[in-house]
Amino acid sequence: MISKGKVKITALLCTLNEEKNLPYVLPRLPKDIDEILIVDGRSRDKTVEAAKKLCPRARVVFQPGKGKGDALRYGIRRARGDIIVMLDADGSMAPEEIPRFVQPLLEGYDFVKGSRFLPGGGTSDMPKHRVFGNWVFTTLTNIFHRTKYTDLCYGYNAFWKKAFKKVFFKGNGFEVETEINIKINKAGLKVIEVPSFETERLNGEGKLHSLKDGYRILSTIFKELRSIPAESRPISR
C-alpha cells in the first residue's frame with residue numbers, strides 16, 4: 001500500500017505486442033494506484049483487448065508516432081496523476097516495487113530512478129557484455145556530466161509531473177533512458193536511486209539490439225555535452 005494522501009499516482013506502461021505479458025503485470029499493480037495509463041504502439045496482437053479485459057479501469061491511448069521515446073512523451077502529457085511511475089509491460093519489472101519508488105517523492109525528491117546495481121537490486125536479464133556496456137556508459141556519464149549514478153540504462157522510474165516539465169527529451173529509441181537521466185541532472189531535479197530487481201522478459205522477443213542501441217546511447221552521452229541546460233523546455237509543447 002502507498003500512503004499518499006491526496007496525491008494521485010499514474011502507472012504508465014508503453015506496449016507493443018504485449019498480449020501474453022499483461023496478465024502477469026496488470027493484476028500485480030498496487031490497488032491504490034489512481035490511474036493506469038497504457039500507451040499502445042499499434043500492436044498487431046490483442047494487447048489492447050487483453051488490457052481492457054484484465055483491467056477495465058485502465059485507460060488506453062495510441063501513440064501518435066513510433067518508438068519508446070515518442071510513447072513516453074505522449075503518455076506523460078496524457079497522464080492525470082501528480083506522480084507518474086514508468087515501468088515496462090514485458091513482466092521484467094516488478095509492480096510490487098512501486099511503493100519503493102513513490103515514497104522518496106513524498107519525502108521531497110523530484111525523480112526516483114531504479115538501479116539494478118544497488119544493494120537489494122539485481123538482474124537476471126543481462127549477459128556479461130551488457131553489464132559491462134552499462135558500466136561503461138554509466139561511468140562516462142558520471143565523469144562527463146558530474147552525476148553519481150549506479151545504473152544508466154534502466155527504465156523503471158517515478159517522478160512528479162510538475163517537476164518533469166523542466167525536462168525535454170527527444171530520443172525515440174533505447175537511448176531515451178540515458179537522455180532522461182542526463183537531462184534531469186541538467187534541470188537541477190533532486191534525484192535518488194532505489195534498488196530494483198529486473199527479471200527476463202516473460203514472453204516474446206526483446207526489442208533491444210546491443211550494438212545499434214549501444215552506439216545510440218554512447219552518441220547521446222557525448223551529444224549532451226554540447227547542449228546547455230536552457231535547452232530544456234516543457235514536455236507539453
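**Overall fold and local features of the predicted chain**

In the protein chain, residues 24 or more positions apart account for 77% of the contacts with a separation of 6 or more, contact meaning heavy atoms within 4.5 Å. The structure is a predicted model, in which local features need pLDDT of at least 70 and side-chain atom pairs count only at pLDDT 80 or more, whereas totals for chains, interfaces and linings use all residues. Residues are numbered from 1 along each chain as its sequence is written, and side-chain values use heavy atoms, with hydrogens and water left out.

The protein chain contains eight helices and nine strands; helices (H or I, at least four residues) and strands (E, at least two) are DSSP runs, numbered from the N terminus. For 237 residues, a compact globule would have a radius of gyration near 18 Å, and the value of 17 Å for the protein chain agrees with this. The radius of gyration is taken over C-alpha atoms, and the globule rule is 2.2 Å times the number of residues to the power 0.38. The C-alpha trace spans about 45 × 40 × 35 Å along its principal axes. Of the 237 residues, 53% are buried, where buried means under 20% relative accessible area, exposed over 50%, and partly exposed in between (1.4 Å probe, protein chains only).

Seven strands form an open sheet in the order E3-E2-E1-E4-E7-E5-E8, with mixed pairing. Its edge strands are E3 (59-62) and E8 (191-195), each of which pairs on one side only; two strands pair if DSSP finds at least two bridges between them. Neighbouring strands of the sheet are turned against each other by 20° on average, direction ignored. Within the sheet, strand E5 (residues 111-115) and strand E7 (residues 157-160) run antiparallel and are joined by three bridges. In one of these strands, E7, Ala-158 is the bridge partner of Val-112.

Helix H2 (residues 47-54) lies across strands E1 (9-15), E2 (35-40) and E3, and runs at about 165° to E3. Axes are lines fitted to C-alpha atoms, for helices over the stretch in contact, and angles run from 0 to 180 degrees between N-to-C directions. Thr-47, Val-48, Ala-50 and Ala-51 of H2 are buried. These residues cover an arc of only 165° around the axis, which puts them on the same side of H2; the arc is that of the directions from the helix axis to the C-beta atoms. The buried residues of H2 pack against E1, E2, E3 and helix H1 (22-25). On the other side of H2, Lys-52 and Lys-53 are exposed, with a relative accessible area of 75% for Lys-53. From C-alpha to C-alpha, Lys-53 and Ser-115 are 32 Å apart in space, with a sequence separation of 62 residues.

Helix H5 comprises 18 residues (residues 128-145), which at 1.5 Å a residue should span 26 Å; its end C-alpha atoms are 25 Å apart, in agreement with this expectation. The expected span of a helix is 1.5 Å times one less than its number of residues. The buried residues of H5 are Gly-133, Asn-134, Phe-137, Thr-138, Leu-140, Thr-141 and His-145. Seen down the axis of H5, they fall within an arc of 165°, so they line one face of the helix. The face turned away from this buried side carries the exposed residues Lys-128, Phe-132, Trp-135 and Ile-143.

H5 is followed by Arg-146, which lies in the loop between H5 and E7. Arg-146 is exposed, with a relative accessible area of 76%, and has a positive phi near 55° although the residue is other than glycine. Most residues other than glycine have a negative phi. A positive phi, of about 60°, is also found at Asn-17, likewise not a glycine. Asn-17 is located in the loop between E1 and H1 and is partly exposed, with a relative accessible area of 25%.

Helix H7 (residues 176-186) contains Glu-179, a buried residue with a relative accessible area of 2%. With its neighbours within four places in sequence left aside, Glu-179 is in contact with Phe-168, Phe-169, Lys-170, Gly-171, Thr-220 and Glu-224.
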